[in-house]
Amino acid sequence: MIAQCIATHESVEVEGISTQSVRYRIDNPFVLQQQLTELIPGPRSGPSPNAAAAMAERTRTRLAEAEADANEPSQRPSAKGRIRRAWNSMQVVHFEDREASLMSDEVGITLAEEHRWHDTGANLFEQAVGKLRTRLDHELLSAGGHPSLSATVEVTGGAHAGRTGDVTAVSWQADHKRHTIGAAPESFTVRFSDLYESIDIASRDVSALPEWDRTFVVVHAGEPFPTEWHASVLLADADEKSLWRQTALDALRDVWTGFGRLVVFVPRQGDGSPMGAEHHDWMSRAALCADEIIVRCPSGASTPLQQGLLADSPTAAICGRLVVLVPGGEPDPLLSRWLEQHAAPVADGAAEAASIAVERIGRGRERKGGERDIPLLAARTTGYFSWSSALRDAGRALISAEIEWVHHNEDTGHQALWWSMRARIRHADYHVTSELLLCHPMMTSVVAYRRREKWTDCEVVLVPGDNSLSNIPVREAPKGLALRLPTILTDFSDGSDQNERSRRTLHELLGLDGIATDRLRTLGGRNDSSLMAASRNVTMLELTEDELASLRSQDDSATDSLAGTPVVICRVADLLAEPVCDWATLGAITRAVLPTWPPASGDFYTSRM
């Protein structure tokens, strides 16, 4: 139909009409429909009143077409007759079957006939134009060597540089004099994976990315990183003669059973040649974002980071992610001391190292965009989960990140206890800011107190802070001694609820056992500071006189001895007057011991809106 319309308006032969000319016409379906209506006047006066009537009319039209074709002579039916019948059929209103779009838990529901069909607000012609536009775009993009529809691309310039997403539509440069489109696209509509928003990007700023396997991908030096993964491993050995890399690759491919994609970074070029100076940034980023790093420690080395590809990497940033391959499995004493200090497991073969790495990864965690720069060691922590969720809720996205340091001790093993990250954030108006984030697992603190007639006379149980002043008897300590609430660090992985964590805190730090659950009141979680991505959950416990006396005996013994767990019992008034605890601790105590608390005046966020 469009070819006949162009032939009539341009006075050309149908056979000479190009695909570009047809694509130009369908850019404006409204004008095209007017032109076709003038060219092919149909008998219809208006749309069908309902779905049943529309479908009945479509059936009658198709039967008429079949009858007309059957009555035609043996030669091919005339183009005009076929076009007129098709055009008449395409004026019917387009309806969708609601049952075809039911959710998975709604399958099997039968809708009443009057509610089954949904009017899409368009006719069959408009639906057909959309399908034809998609088909022609596929053909033109493929012929011109441009990124195709649904291709994964990266933006290389402008305000969205570095973002990745999928192409959902394309706009072409229009030549209005010749009534055709240009050979190159003008822009692509890209649906970004970080905030799931669609933006028109100039074609010069769009670069197609490879089509990666969904389960296992090997990335060589200089090659682009996949746009998302569940786990990543770096084989940190660039020695040309090393044979263990292929063994490790085969083992990783065999043992990986996770749901998502495992990416393996290999610091050699795809043709097997060594990396060049231009690959330094690639290697640095791979070392920073890899969930596990398998490194081969040469004979006689006292540390796996002493030489090689990781020599420039900060030890504090990559420890906790290392799997050290030691030929023979017997490290020398200096190396053994380093491995024990940094909780790095030892493997005597590449296959064993791969198994250790995948076992520590577990099921992994899906990460896209800037989240790929966060290794699992940090991405699994409660603090990061809370911070990243709040970031998405605010319409902001992580562009990139760099782990500064990770701290863990013998109690936490492979899990991060404290960690610091430098992050670049894209805001809703696309301006970019940088911030330094300090994070730790979720804190559980208990305000154990004895209520008095005046709330400022309430007595609260505190413990000395874990710092350089911890070993100074409390009554001899200078001003500035940091007292804190009894607190333990926990994470989602321990599977306990708030009351269980609070009872564990009371047992480990205060020696109080058998506390009934109904005596514990939870105040919920807040951050100690806006500079920290960590939540502190506070629980209140009103002590009895006997419990307070028992704890006071620990306070008295702590004056002369450092044995056991010392406690400090202070009046709230003294805490308000003397700087012996931080503001976060003081706020939690005040919230717990106040006799009454003013009710909230409506919804805070709604009123601010």
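The second largest pocket of this predicted model is lined by 16 residues, and those nearest its centre are Thr152, Asp166, Thr227, Glu228 and Arg261. Its volume is about 410 Å³. Sorted by class, the lining of this pocket holds 7 charged residues, 5 polar ones and 4 nonpolar ones.

Which strands supply at least two residues each to that lining? They are strand S4, covering 164-175, and strand S5, covering 180-192. Of the elements involved, S4 gives the most, with 3 residues.

I turn now to the packing of helices. Two packed helices are described by the angle between their axes and by the distance between those axes.

On the H1 side, the residues in contact are Ile2, Gln4, Cys5, Thr8 and His9; on the H3 side, they are Leu32, Gln35, Leu36 and Leu39. What classes of residue make up the contact of H1 with H3? There are 5 nonpolar and 4 polar residues, and no charged ones.

H3 also takes part in the next pair, in which its partner is helix H7, residues 124-144. The axes of H3 and H7 come within 11 Å, with a crossing of roughly 120°. These two helices are therefore oblique to each other. The crossing in which H3 passes H7 is right-handed. H3 contributes Pro29, Leu32, Gln33 and Leu36 to this contact, while H7 contributes Phe125, Glu126, Val129 and Arg133. Here the classes are 5 nonpolar, 1 polar and 2 charged residues. I would draw your attention to Leu32 and Leu36 of H3, which meet H1 and also belong to the contact with H7.

The remaining pair is helix H8, residues 244-255, and helix H12, residues 350-361. How are their axes arranged? The axes come within 8 Å and cross at roughly 40°. That angle makes H8 oblique to H12, and H8 passes H12 in a right-handed crossing. From H8, the contact draws on Trp244, Thr247, Ala248, Ala251, Leu252 and Val255. From H12, the contact draws on Ala350, Ala351, Ala354, Ser355 and Val358. The contact of H8 with H12 comprises 9 nonpolar residues and 2 polar ones, with no charged residues.

To close, I return to the pocket with which I began: its lining includes 7 charged residues, whereas the contact of H8 with H12 has none.

Terms used:
Residues numbered from 1 in each chain as written. Predicted model: local features only at pLDDT ≥ 70, side-chain atom pairs only at ≥ 80, totals over all residues. Heavy atoms only, no water. Contact = heavy atoms within 4.5 Å. Helix = DSSP H or I, 4+ residues; strand = E, 2+ residues; numbered from the N terminus. Nonpolar A, V, L, I, M, F, W, Y, C, P; charged D, E, K, R; others polar. Axes fitted to C-alpha atoms, helices over the stretch in contact; angles between N-to-C directions. Parallel < 35°, antiparallel > 145°, perpendicular 65-115°, else oblique. Left-handed = near helix turned anticlockwise from the far one by under 90°. 1 Å grid on protein atoms, 1.4 Å probe; cavity = no way out; pocket = protein on both sides within 12 Å on 5 of 7 lines; lining within 4 Å. Points joined across faces, edges and corners; volume = space filled by probe spheres on them.
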